[in-house]
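Dear colleague,

Here is the structure I said I would pass on. My notes follow below it.

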Amino acid sequence: MSSQASNNLKQLLRERIQEKGPMPVSEYMGLILGHPEWGYYMRQDPLGHNGDFTTAPEISQMFGEMIGLWLADIWMQSGSPGEFILLECGPGRGTLMSDALRATKGVKGFHDAVQLHLLETSCFLKEKQKQALNAYNTVWHETIKTLPDNAPIFMVANEFFDALPIDQYEFTSNGWCERKIGFEGDAFVWVLEQCAVDPIEGLNLPKPEHGKIFEAAPIRNQFMQELSSRIYKQGGAALVIDYGHLRSGYGDTFQAVYKHDFVDVLSHIGDADLTSHVNFDELENAALEASLEIWGKETQGEFLKKLGIQVYASKLLSAANEKQADDIQKALHRLTHSDEMGSLFKVMGVGYGTNIKPAGF
Ligand code: SAH
């Protein structure tokens, strides 16, 4: 049975389609995830066993701890600035940040210099973050435009970029068409609308074959560029972790996840999470356009192993009871193995400064 919020959203989408015609995927995704009252992220905690999906920081504290140490290392290599903005975009329950801050307590000067800033649009999740991070002075933002402009920014985002809306195009016998969402009878349906301009113009992609789908992510790329410009002006770094691909290509990666299962993207409206795979090639271009250095791109498995997660896990294992040991082994496997999150998830580190030697790449 769908929720009341889901019914309200469906009604809103129907009216919008009746009024203006089929809607682009980005508008559909943006409304369903971000509607101030009924949006998916506004009403619930999507994470964990009782939610719809589980993320790396929720699997094991080792994840946030290693990320914290990565950030502290870059901060030190950047000359240990006496004040800096530690920014997380889309912090979920605040678990990653809480683990990262705990792990860096021993790093001299780091906690004295930190100003914690979180980018989050969900009031529901903000409450969770407040609980997890109540020991720290925290400032919340709904846009990066309100971040202070007088200190370097060290940013981390795990499974944030995948939630930013995309558009889709399909190559047909009539050329490129935009895939839009229409309403027919009593159901949402896919509609193809002829494109006026070539969506892959100027991109380094092979000639499309019939049926190929191209995904464009202007909102995501714009966000990366804005953040990168800030980092170029103020100094700092960004570590982006998400599922996706390192090279541009064709393919339909728009997906809906409900109670840990994939469902049709046109079903479970507002009750299922909507995401797409992140094209790291384009995020890299956005950072380069803002004159940042690309420090590295790596799979999550290799990144964590190069940071020493196996050694860290063995250390934890030596002090663990049987149940804890089992949990640690399973978490290590899930985070790093190529059949689990190890290969699908990618990590990209970018920042200001050519003489930085970032760990993990
Ligand atoms: N990073 C967390 C949560 C991932 S879920 C983890 O790894 O567990 C996605 C997060 O991004 C949620 O906190 C969600 O509310 C937030 N989010 C989604 N779209 C957003 C947007 N447009 N602006 C700010 N936050 C957003």
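In helix 10, the buried residues (under 20% relative accessible area, with exposed over 50% and partly exposed in between; 1.4 Å probe, protein chains only) are F280, D281, E282, L283, E284, A286 and A287. The model is predicted: local features need pLDDT of at least 70 and side-chain atom pairs count only at pLDDT 80 or more, while totals for chains, interfaces and linings use all residues. Residues are numbered from 1 along each chain as its sequence is written, and side-chain values use heavy atoms, with hydrogens and water left out.

Helices (H or I, at least four residues) and strands (E, at least two) are DSSP runs numbered from the N terminus. Helix 10 covers residues 280-289, and seven of its ten residues are buried, so the rest of the structure largely encloses it. After the helix comes S291, with a positive phi near 70°.

K346 belongs to strand 16. K346 is buried but has no salt bridge (a side-chain nitrogen of Lys or Arg within 4 Å of a carboxyl oxygen of Asp or Glu). The nearest side chain of opposite charge is E298, 8.9 Å away. A polar atom of the K346 side chain lies 2.9 Å from the backbone oxygen of S343, and one lies 3.1 Å from that of L344. Beyond its neighbours within four places in sequence, K346 has contacts (heavy atoms within 4.5 Å) that include F280, E298, D242 and H245.

Regards

Definitions and conventions. Lys and Arg count as positive and Asp and Glu as negative; His and the chain ends are not counted. A polar contact is a pair of N or O atoms within 3.5 Å; within protein, one must be able to donate a hydrogen and the other to accept it, and residues adjacent in sequence count only if both atoms are side-chain atoms.
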